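Welcome! Here is a short briefing on side-chain pairings, with the sequence and structure to keep beside you as you read.

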Amino acid sequence: MMKKLLVLILLCMLFSCQKKEPIFTLVDSKEKIHSDSRGFNNYILIENVPKDKMELKQLMIHHFLSLTPRIDTLHTYTTCMFLKSTRATRKRFSITDDEIVSREDTYMIPRGRNSYSWYNNKTYVGYIFIGRCSKMNLKAEMYLNLGTQSSIGFKERGADEEIDVLLNECDPIWYIQNEENELVRYFNNLWFRVEE
């Protein structure tokens with residue numbers, strides 16, 4: 001009896017300790033037209049968010065470039081917000097189109113943060129932005145939530161974030177200064193491969 005129990009415990013430990021693969025799902029992509037800009041706002045939910053920061057950043061870049069619309073001559077920006085896949089975030093993206101329009105972009109203003117319990121310090125993972133820094137050139141930035149402030153601080157000021165510049169075509173010296181940066185190399189290899 002004791003032997004069977006020990007085997008059962010070992011099997012449970014083996015299966016529970018296995019690393020679950022992260023799953024990235026594009027749940028919303030909307031074209032936005034403003035008086036002076038036109039672009040795409042995208043949302044990706046992540047199941048089994050990696051704990052390793054570099055692995056997470058690389059996966060965010062990979063899925064951003066493979067799942068979201070690319071910037072073209074008509075568009076001035078493409079954004080992507082990454083959120084943990086929770087009951088609240090899944091519910092947020094399965095509501096009717098009328099509700100989505102009325103609740104859209106509530107995270108942009110402090111009083112809208114944590115609205116409907118889907119966007120908060122526990123669900124927000126990060127954000128990638130690619131926009132024009134001049135008529136022909138692009139700049140790309142990544143923001144990763146460090147999760148280091150209280151929910152009240154998050155509601156008032158937003159997330160404590162680590163910011164990485166991934167591309168800056170408006171500053172010719174920038175790439176020379178950052179060519180050894182592993183994340184910059186990773187982004188540029190994927191960015192220019194997708195363009196070909």
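This is a predicted model: local features need pLDDT of at least 70, side-chain atom pairs count only at pLDDT 80 or more; totals for chains, interfaces and linings use all residues.

Residues are numbered from 1 along each chain as its sequence is written, and side-chain values use heavy atoms, leaving out hydrogens and water.

**Salt bridges**

- The whole structure holds seven salt bridges (a side-chain nitrogen of Lys or Arg within 4 Å of a carboxyl oxygen of Asp or Glu).
- Lys53, Lys57, Glu162 and Asp164 are linked in a network of these bridges.
- Glu162 meets Lys53 at 2.7 Å, N to O; Glu162 belongs to strand S6 (residues 161-168) and Lys53 to helix H2 (residues 53-67), so this pair ties together parts 109 residues apart in sequence. Helices (H or I, at least four residues) and strands (E, at least two) are DSSP runs, numbered from the N terminus.
- Lys57 also bridges to Glu162, with the closest N and O atoms 2.3 Å apart, so helix H2 and strand S6 are tied across 105 residues of sequence.
- Between Asp164 and Lys57 the closest N and O atoms are 2.6 Å apart, and both residues are buried. Buried means under 20% relative accessible area, exposed over 50%, and partly exposed in between (1.4 Å probe, protein chains only).
- Glu162 is partly exposed at 24%, as is Lys53 at 38%.

**Aromatic rings**

- There are eight aromatic pairs; rings of Phe, Tyr and Trp (its six-membered ring) pair if their centres lie within 6.5 Å, with planes under 30 degrees apart stacked, over 60 edge-to-face and the rest tilted.
- Phe24 and Phe82 pair edge-to-face, at 6.3 Å between centres and 75 degrees between planes. Phe24 is in strand S1 (residues 23-33) and Phe82 in strand S3 (residues 77-84), so the pair ties together parts 58 residues apart in sequence.
- Tyr119, Tyr124 and Phe154 make up one aromatic cluster.

**Charges over rings**

- The charged end of Arg70 sits over the ring of Trp191, 3.8 Å from its centre (CZ of Arg or NZ of Lys within 6 Å of the ring centre and within 35 degrees of the ring normal).
- Arg92 likewise has its charged end over the ring of Phe93, 4.8 Å from the centre.

**Around Asn145**

- Asn145 lies in strand S5 (residues 138-145) and is buried, with a relative accessible area of 12%.
- Its side chain joins that of Asn121 through a polar contact of 3.2 Å (N or O atoms within 3.5 Å; within protein, one must be able to donate a hydrogen and the other to accept it, and residues adjacent in sequence count only if both atoms are side-chain atoms).
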